[in-house]
Amino acid sequence: MGTTADRFKAAVEARELGALDELFTEDIRLYSPVKFTPFEGRPMVLGLFGVLLRTFEDFHYVGELAGSAQTAAGADGGTAESTILIFRATVRGKQIHGIDLLQFDGAGRIKEFTVMVRPQSAVQALGEAVLAGLVEDGLVPQP
């Protein structure tokens, strides 16, 4: 069956949104490069992934690193087992290079998820596409 990171990677590459549900904690927080505050809670994060799976073109993971790191919510110094998945994709004709930082709870589910992408023009294209998808799916109001 593999690690949570392996199962996550397989689900994303196969665009199987339903397979992600069991991998996330109920109170997961996703830190996005296009939004200052995190997306919070499994329903919202799954909704965001629904948009992302439609938005990214030619999405594929190209590397993986594992270790531990302080969590964003762990200002008290809390660390968690962590995996960094390196990816490449295209959004609206812009090539994206990025990483997904997955941080796990004691049961091995993803409790924090941080996405970082480059270059800036790709971040802008991604932000516009994701906002349009979130509005279309009724997850956020029209700005």
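Biologist: How many cavities of 30 Å³ or more does a search of the whole structure find?
Modeller: One. A cavity here is a set of points, on a 1 Å grid over the protein atoms alone, where a 1.4 Å probe fits but cannot get out. This is a predicted model, where local features need pLDDT of at least 70 and side-chain atom pairs count only at pLDDT 80 or more, while totals for chains, interfaces and linings use all residues. Residues are numbered from 1 along each chain as its sequence is written, and side-chain values use heavy atoms, with hydrogens and water left out.
Biologist: What volume does the largest cavity have?
Modeller: About 200 Å³, taken as the space filled by probe spheres set on the points, with grid points joined across faces, edges and corners.
Biologist: Which lining residues are closest to its centre?
Modeller: Of 20 lining residues, Phe-49, Leu-52, Phe-56, Asp-100 and Val-115. A lining residue has an atom within 4 Å of a point.
Biologist: And what is the lining by class?
Modeller: It has 18 nonpolar, one polar and one charged residues. Nonpolar covers Ala, Val, Leu, Ile, Met, Phe, Trp, Tyr, Cys and Pro; charged covers Asp, Glu, Lys and Arg; the others, Gly among them, are polar.
Biologist: Which element gives the most to that lining?
Modeller: α2, with four residues. The elements giving two or more are α1 (4-13), α2 (42-55), β3 (57-70), β6 (110-118) and α3 (120-136). Helices (H or I, at least four residues) and strands (E, at least two) are DSSP runs, numbered from the N terminus.
Biologist: Switching to α1. Which of its residues are buried?
Modeller: Thr-4, Ala-5, Phe-8, Ala-11 and Val-12, buried being under 20% relative accessible area with a 1.4 Å probe, protein chains only.
Biologist: Is β1 parallel or antiparallel to β6?
Modeller: Parallel, over four bridges. Tyr-31 has Thr-114 in β6 as its bridge partner.
Biologist: And β1 with β2, parallel or antiparallel?
Modeller: Antiparallel, joined by two bridges. Arg-29 has Glu-40 in β2 as a bridge partner, and Arg-29 also stands opposite Glu-112 in β6.

Key: On a 1 Å grid over the protein atoms alone, a cavity is a set of points where a 1.4 Å probe fits but cannot get out, and a pocket is an open set with protein on both sides within 12 Å along at least five of seven lines; lining residues have an atom within 4 Å of a point. Buried means under 20% relative accessible area, exposed over 50%, partly exposed in between (1.4 Å probe, protein chains only). Two strands pair if DSSP finds at least two bridges between them.
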